[in-house]
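The following exercises are to be worked with the sequence and the model at hand. Each task is followed by a solution in steps.

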Amino acid sequence: MAQAPARAASIVRLFDAHCHLQDPRVLAVAPSLIRAATAAGVARFAVNGTSEKDWHLVKQMAEEYPWVPERSPDWMDSLRRFFAETPEAAVGEIGLDKGSHGKTIDFGEQVEVFQQQLELAKELNKPVSVHCVRAFGDLLEILRQTGPFPAGVLLHSYLGSAEMVSSLENLGCYFSLSGFLTGMKSTKAKQMLKSIPLDRILLETDAPDALPKLDDISLLAVPVDSSSADNGESKKDSNSQASTTSNESLNHPSNIHIVMKYVASLLEISEIELAELTYKNAIKLFSYHGSKVHSEVETL
């Protein structure tokens with residue numbers, strides 16, 4: 001779990017519960033993103049890997065972890081070794097996806113790998129960050145079969161229904177909200193948010209993705225890395241999902257303030273209250289044995 005440098009005491013304290021600062025689209029400018037987000041009050045980041053190819057990058061940032069694509073035959077052995085070498089790591093992101101990208105991966109294979117990763121998280125007594133797109137029914141069934149999860153499950157960029165919240169909560173789930181929430185109809189989003197207990201709400205950016213889509217907001221842009229641009233390296237490699245993504249469409253971690261303001265308005269609570277409660281919730285979730293925030297939970 002990465003801790004940001006010292007921040008100004010006069011601003012709210014935020015915990016970005018899910019992001020990808022190791023993503024090739026922003027890796028070169030990650031230090032400047034972290035500095036800017038820190039200045040805006042983001043005290044900690046949970047950086048998530050997505051495959052074996054980026055585990056070492058996430059480790060260098062002092063954090064987390066993986067899912068299906070491009071895994072090796074001995075991926076589970078590699079995963080276990082990583083956890084043995086990196087006790088501060090949690091599990092994730094892992095998950096299920098029936099969206100446009102997920103359709104390229106056999107769903108039965110997704111389920112098989114997902115179940116193994118959930119079992120490992122339970123065995124290690126670590127929280128797990130879960131990605132779910134258009135598969136919440138399957139997710140709930142698998143979590144019921146495998147759970148409960150005393151160490152916690154972070155449902156990242158949660159866009160599931162209000163009706164599912166209670167069942168998921170009972171299994172140990174937390175509900176992390178990102179800029180994707182702004183794409184949901186506001187009445188539906190409000191109903192869903194009101195169904196989540198305040199002690200289970202988290203905020204995230206999912207940077208460099210999940211750019212908030214609202215009118216009359218001022219978004220912080222991701223700076224161009226001139227050295228990479230000069231070498232033609234500013235785009236993702238050929239294996240990436242968005243090889244032609246422009247910087248204007250990339251999400252800066254400082255934009256977590258947009259998410260905070262939107263969620264607070266729908267919940268009808270103050271931004272300060274939301275910031276503090278979600279920070280405490282994230283510290284509680286990530287205070288497992290060996291984590292870098294373990295000692296902080298006692299001070300809250």
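A charge is said to sit over a ring if NZ of Lys or CZ of Arg is within 6 Å of the ring centre and within 35 degrees of the ring normal. The model is a predicted one: local features need pLDDT of at least 70, side-chain atom pairs count only at pLDDT 80 or more, and totals for chains, interfaces and linings use all residues. Residues are numbered from 1 along each chain as its sequence is written, and side-chain values use heavy atoms, with hydrogens and water left out.

**Exercise 1. Charges over rings**

Task: Determine which residue lies over the face of Phe149, and which lies over the face of Tyr174.

Solution: Begin at Phe149, where Lys122 lies over the face at 5.7 Å from the ring centre. Then turn to Tyr174, whose face has Arg200 over it, at 5.0 Å from the ring centre.

**Exercise 2. Aromatic pairs**

Task: State how many aromatic pairs the structure holds, and classify the pair formed by Tyr158 and Phe175.

Solution: Rings of Phe, Tyr and Trp (its six-membered ring) pair if their centres lie within 6.5 Å; planes under 30 degrees apart count as stacked, over 60 as edge-to-face and the rest as tilted. The structure holds 6 such pairs. In one of them, the ring centres of Phe82 and Phe83 are 6.4 Å apart and the planes stand at 90°, so this pair is edge-to-face. For Tyr158 and Phe175 the centres are 5.0 Å apart and the planes are at 75°, so this pair is edge-to-face. It links distant parts of the chain, 17 residues apart: Tyr158 is in the loop between β6 (153-155) and α6, and Phe175 is in strand β7. Helices (H or I, at least four residues) and strands (E, at least two) are DSSP runs, numbered from the N terminus.

Next, consider accessibility, where buried means under 20% relative accessible area and exposed over 50%, with partly exposed in between (1.4 Å probe, protein chains only). Tyr158 is buried, its relative accessible area being 1%, and Phe175 is buried at 0%. Phe82 and Phe83 are both buried. Finally, ring pairs join Phe15, Tyr279 and Phe286 into a cluster.

**Exercise 3. The surroundings of His18**

Task: Is His18 buried or exposed, and with which side chain does its own side chain make a polar contact?

Solution: Locate His18 in strand β2 (residues 14-19). His18 has a relative accessible area of 0% and is therefore buried. A polar contact is a pair of N or O atoms within 3.5 Å; within protein, one must be able to donate a hydrogen and the other to accept it, and residues adjacent in sequence count only if both atoms are side-chain atoms. The side chain of His18 makes such a contact with the side chain of His20 (3.1 Å). Contact in general means heavy atoms within 4.5 Å. Leaving aside residues up to four places away in sequence, His18 touches several residues, among them Glu93, His156, Glu204 and Asp206.
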